[in-house]
Amino acid sequence: MVKLVAIYRKPEDVNAFDEHYFNTHAPLAAKMPGLKKLEIAKVYGGPMGESDLYLIAEMYFESKEALVEAMKSPEGKAAGKDVMSFAGNIVSMHFAEVV
């Protein structure tokens, strides 16, 4: 199993971010073919106190090939275009293999 991990730093306007993320972006991402699970977590701090992170989204796929195909799909392209439109300057994305 593999996952696409999106890590978002704190947005300037948390309410506007949440509105767009949960009402527009997450539903778009959830339509990606082959998606097994979408897990979203809000960061509330760290061992040393406050964190500059705000949200972590993990999207699970059966294989690397399934993840690549999902990203190439019309749904994947729509989700990618959307994330760049509202969070391009605060998001980093990573591929990870579950071990």
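Predicted model: local features only at pLDDT ≥ 70, side-chain atom pairs only at ≥ 80, totals over all residues.

Analyst: Here is a short chat about charged pairs and strand pairing. Residues are numbered from 1 along each chain as its sequence is written, and side-chain values use heavy atoms, with hydrogens and water left out.

User: How many salt bridges does a search of the whole structure find?

Analyst: The search gives 6, counting a side-chain nitrogen of Lys or Arg within 4 Å of a carboxyl oxygen of Asp or Glu.

User: OK, what does Lys3 form a salt bridge with?

Analyst: Glu58, with the closest N and O atoms 2.5 Å apart. That pair links distant parts of the chain, 55 residues apart: Lys3 sits in strand β1 (residues 2–9) and Glu58 in strand β3 (residues 53–61). Strands here are DSSP runs of E, at least two residues, and helices are runs of H or I, at least four, numbered from the N terminus.

User: Is Lys3 buried or exposed?

Analyst: Lys3 counts as buried, at 15% relative accessibility. Glu58 is buried too, at 16%. The cut-offs are under 20% relative accessible area for buried, over 50% for exposed and partly exposed in between (1.4 Å probe, protein chains only).

User: And which residue does Lys10 pair with in a salt bridge?

Analyst: Glu50, and the closest N and O atoms are 3.4 Å apart. Lys10 is in the loop between β1 and α1 (14–30), Glu50 in the loop between β2 (35–42) and β3, 40 residues apart. Lys10 is partly exposed at 41%, while Glu50 is exposed at 74%.

User: What about Lys72?

Analyst: Lys72 forms a salt bridge with Glu69, closest N and O atoms 3.9 Å apart. Both are in helix α2 (residues 64–72), and they are separated by about one helical turn because they are 3 residues apart.

User: Switching to strands: why is β1 largely enclosed by the rest of the structure?

Analyst: Because 6 of its 8 residues are buried.

User: Which way do β1 and β3 pair?

Analyst: Antiparallel, over 8 bridges; two strands pair if DSSP finds at least two bridges between them. As an example, Leu4 stands opposite Met59 in β3.

User: How many bridges join β1 to β4?

Analyst: There are 7, and β1 and β4 (residues 91–97) run antiparallel. Lys3 turns up again here, with Ala96 as its bridge partner in β4.
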